[in-house]
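Please open the structure in your viewer and keep the selection tool at hand. The stops below proceed from one selection to the next.

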Amino acid sequence: GLYKLHAFAVMPNHVHVLWALAVPLARATGAIKGYTAQRANRALGRSGPFWQRESFDRVVRGAEESARIRHYIEWNPVHAGLANQPRDWPWSSAHRVG
């Protein structure tokens with residue numbers, strides 16, 4: 001596979017992802033953005049660019065930093081006022097059904 005997904009949160013105007021990549025970053029983000037843009041445009045009945053060109057990335061060095069970033073990602077919907085607890089946001093790796 002292109003990547004191993006560790007954490008994510010889909011927000012109203014951006015996405016957070018913590019992943020381990022098996023390919024260059026540009027290839028992984030290009031594949032994800034291309035696929036999701038096609039699906040979103042189809043669902044919305046539109047065409048054309050969907051994602052902005054830029055992305056913000058950083059190299060995670062070690063388990064402690066990874067845990068801190070996972071916490072940040074999964075608590076982002078709570079801090080934005082979209083959920084009471086991370087598990088309540090359905091578009092997140094923290095979401096728990098039931």
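How much space lies in the largest pocket? About 1500 Å³, where a pocket is an open set of points on a 1 Å grid over the protein atoms alone, with protein on both sides within 12 Å along at least five of seven lines, and lining residues have an atom within 4 Å of a point; the volume is the space filled by probe spheres set on the points, which are joined across faces, edges and corners. This is a predicted model, in which local features need pLDDT of at least 70, side-chain atom pairs count only at pLDDT 80 or more, and totals for chains, interfaces and linings use all residues. Residues are numbered from 1 along each chain as its sequence is written, and side-chain values use heavy atoms, without hydrogens and water.

Select Val15, His16, Val17, Ser55 and Phe56: of the 37 lining residues, these are the closest to the pocket centre. Among the elements that each supply at least two lining residues are α1 (25-44) and α2 (63-79); helices are DSSP runs of H or I of at least four residues, strands runs of E of at least two, numbered from the N terminus.

Next, select β1 (residues 3-10) and β2 (residues 15-21), which pair in the antiparallel sense over seven bridges; pairing requires at least two DSSP bridges. A hairpin of four residues joins β1 to β2, and Phe8 has Val17 of β2 as its bridge partner.

Finally, select Glu65 in helix α2. Glu65 is buried, at 16% relative accessible area (buried is under 20%, with a 1.4 Å probe and protein chains only).

Conventions. 1 Å grid on protein atoms, 1.4 Å probe; cavity = no way out; pocket = protein on both sides within 12 Å on 5 of 7 lines; lining within 4 Å. Buried < 20%, exposed > 50% of the residue type's maximum accessible area, 1.4 Å probe, protein only.
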